[in-house]
Every structure is written in structure tokens, then in C-alpha cells.
Amino acid sequence: MSALTQPVASVLTLVVIAGMCAAVLLTSGRAVGAEQDVIGSIDSAGTRSIIVRAEPAAGLDTTVLDRIRNLDGIEWAGAFSLAQDVRNAAFDEGTRVPLRQVWADDWTQLGLPETLPGDGDVAYASDTALAQLGLDGPVGPVMLTGGSGGYAVGGRIAVPEHLAFLEPLLLAPQPADMPTAPVGALLVIAERPDLVAPVAEAVGSVLGVDDPTKVSVQTSEDLASLRAIIEGQLGSFGRTLTLGILAVTAFLVAVLLYGMVMLRRKDFGRRRALGASQRLIVALITIQTAAVATVGAAIGSATALIVLAVTGDPLPSWSYVAGVCILAVLVATVSALLPAVAASRREPIRELRVP
């Protein structure tokens with residue numbers, strides 16, 4: 001109610017806080033939204049992957065998965081057999097496509113259902129593999145080129161970024177109780193980009209191969225470093241800009257409220273004469289300022305988000321928006337303390353004295 005009786009001060013404070021929130025969200029908020037988009041793409045599984053390639057003479061086999069399970073910082077690991085050429089069973093001279101058996105604890109990372117049919121004899125093909133095999137759909141038999149066996153294609157697999165190196169992709173998931181088999185490629189995904197380097201080193205130490213010279217390790221460590229650089233530069237820019245806007249806003253609110261207090265000094269003098277304590281005067285001004293600032297923060301933030309959405313710019317997270325609003329209200333409230341203390345110390349006799 002007190003804020004309504006002082007419309008000029010209330011409106012000016014509301015406009016300043018709304019402008020502050022809008023300015024922060026349209027500048028550093030836009031940068032934060034862009035940072036979140038970039039970091040989100042960098043943090044995909046492909047940028048956290050460690051690919052180990054092994055030649056047949058290396059001696060890498062599926063027992064490596066048992067040793068990897070004991071390592072920390074790993075989200076997923078899968079082992080792929082050496083490639084076996086298969087063809088469409090309906091064409092003796094059809095295009096050969098490499099098929100790989102795969103062992104893993106979680107098939108969903110490969111875009112497959114948790115429970116798979118068959119007993120290691122069902123394969124899943126990418127669109128590229130299906131086209132090369134001459135299959136109209138993800139169903140049909142394929143034969144090993146030597147004629148010693150075959151698989152039934154039972155579904156389509158969307159190739160994730162971290163499996164693009166195996167295209168054309170044709171995978172035959174194997175049950176966990178299968179006998180030990182040679183491995184031609186090992187894919188490990190770290191939990192976080194900053195863990196890529198230490199996880200790669202740990203994985204290399206437990207490979208247990210016969211000839212380490214026949215093994216190569218490829219990581220996305222450069223992308224992890226890029227993530228840290230982007231996060232650091234954009235974060236520093238956003239913090240500096242936000243602090244500058246907050247400092248200017250705090251100064252404006254303090255000057256505005258001090259001027260309003262001087263104009264209302266007789267009102268505060270009357271309140272003191274009627275028995276109001278200094279604490280009550282301080283509380284009255286700060287609470288009034290906080291209430292007006294809350295409304296202003298909501299209006300300014302909503303306006304900025306609408307502008308960002310209309311222009312197609314990335315939106316910051318809701319936690320960031322809430323943080324800006326809370327910070328704006330705190331800045332306004334703290335800035336009101338000095339004028340509030342000055343108002344509470346006005347002498348009633350001096351302010352009510354008639355010239």
C-alpha cells in the first residue's frame with residue numbers, strides 16, 4: 001500500500017529494475033544460452049569417446065570388458081569383433097558388407113532395445129548397410145561370404161556419432177555368456193569430457209594385449225579442451241557484463257531512493273513524531289523497494305525472454321533467469337538500505353518545524 005501512495009518513486013524503481021533484468025538477459029543471458037547450446041553439443045557421447053583399434057595379431061579379446069568394469073569414470077563400454085563380410089542371401093554376387101559382433105552390458109547406448117531377440121544370430125543394420133545389401137527393409141537373411149553361416153537382419157539401427165567410424169554399420173549383439181572372442185575395436189565413453197584423458201590412460205593399461213604396437217587409441221581430448229576454453233571465455237564475459245550492469249543499477253536505485261527520501265522527509269518526520277522507530281522506517285523503505293523490485297524483475301525478465309524467443313536466439317536456463325531476478329531484487333533492497341537509514345535518522349522536530 002505504501003508503494004501505491006508513492007507512484008513516482010515506485011514506477012521509477014520498477015523501470016530501473018525491469019531494465020536491469022532485461023539488459024542482463026539480452027546480453028549475458030544470450031551468451032549463456034549460446035554457451036549452453038555449444039556445451040550441450042560438445043558433451044554428446046561422440047566427444048567423450050575413446051576408440052581402441054586392434055589388429056588381429058594384437059591379441060585383444062572380450063575379457064577386456066571385465067577389466068574395464070573395475071575402472072571409474074566410464075559411462076559405457078562395448079567391444080566389437082573383427083569384421084566378417086556378409087552378403088544378401090538372395091544374391092550370390094551381392095555387395096559385401098562388414099558385419100561385427102558386439103558385446104556390451106547396455107544395448108540402449110547403441111540405439112537398440114534392452115532385450116534383444118535371438119541368441120547372437122540377429123543383426124541390426126544402418127540405412128547405408130541396408131542399401132548396400134539390397135534389402136528394402138530392415139528384415140532379411142545375410143550369409144557369410146564363405147557360406148559357413150549367416151544372420152537374420154531384424155531391425156534398423158540409427159548410427160550414433162561415436163559409431164560413425166564403423167559405417168556401413170551391421171552389428172550382431174552377442175549374449176554375455178558367449179565364449180571369449182577376438183576384438184577388433186573397443187569403444188569407451190567417459191562420464192565427462194574432462195575425464196577423457198585419464199580414462200584413456202586407464203583403459204590402455206588394462207587392455208592385456210600380446211603386442212601393444214598393433215593397437216591404436218583415438219580420443220576426443222582436443223574437444224574436451226575446447227569445451228573448457230569455450231566455457232571459460234563465455235562464462236568470464238557473462239560474469240563481467242552482469243557485474244557491470246548490477247553495479248550501475250545499484251547506483252541508480254540508491255540515488256533514486258535517496259532523492260525520494262529527501263522529498264518525503266516531512267512524511268518520515270511525522271511518522272517518527274507519531275512513535276515510529278528507526279527500525280520501522282528502515283523496514284518500511286526496504287520492504288517497499290523489494291516488493292516493487294520483484295514486480296520489475298518479473299516484467300523485465302518476461303520481456304527479455306519474449307524478445308529472445310521472437311528473434312530465435314538461444315534461451316538461458318530457467319535457473320539462470322531465476323538467479324538474475326533474485327539478484328536484481330537483492331541489489332535493489334541492499335541499495336535501499338543507505339537511503340532508509342538516512343530517512344530513519346531525520347529529527348522529527350527539525351522536519352516538522354514551520355519556517
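A residue counts as buried under 20% relative accessible area, as exposed over 50%, and as partly exposed in between, with a 1.4 Å probe and protein chains only. By that scale Asp66 is partly exposed, at 45% relative accessibility.

This is a predicted model, in which local features need pLDDT of at least 70 and side-chain atom pairs count only at pLDDT 80 or more, while totals for chains, interfaces and linings use all residues. Residues are numbered from 1 along each chain as its sequence is written, and side-chain values use heavy atoms, with hydrogens and water left out.

The structure contains four salt bridges, a salt bridge being a side-chain nitrogen of Lys or Arg within 4 Å of a carboxyl oxygen of Asp or Glu. Asp66 takes part in one with Arg69, where the closest N and O atoms are 2.3 Å apart. Arg69 is partly exposed, with a relative accessible area of 44%. A network of salt bridges links Asp66, Arg69 and Asp105.

Elements are DSSP runs numbered from the N terminus: helices are H or I, at least four residues, and strands are E, at least two. Arg156 and Asp127 form a salt bridge with closest N and O atoms 2.5 Å apart. Arg156 belongs to strand β7 (residues 150–156) and Asp127 to helix α4 (residues 127–133), so this pair ties together parts 29 residues apart in sequence. Arg156 is partly exposed, at 44% relative accessibility.

Glu75 and Arg48 also meet through their side chains in a salt bridge, at 2.9 Å from N to O. Because Glu75 lies in strand β2 (residues 74–80) and Arg48 in the loop between α2 (7–42) and β1 (49–54), the pair ties together parts that are 27 residues apart in sequence. Glu75 is partly exposed, with a relative accessible area of 41%, whereas Arg48 is buried at 8% relative accessibility.
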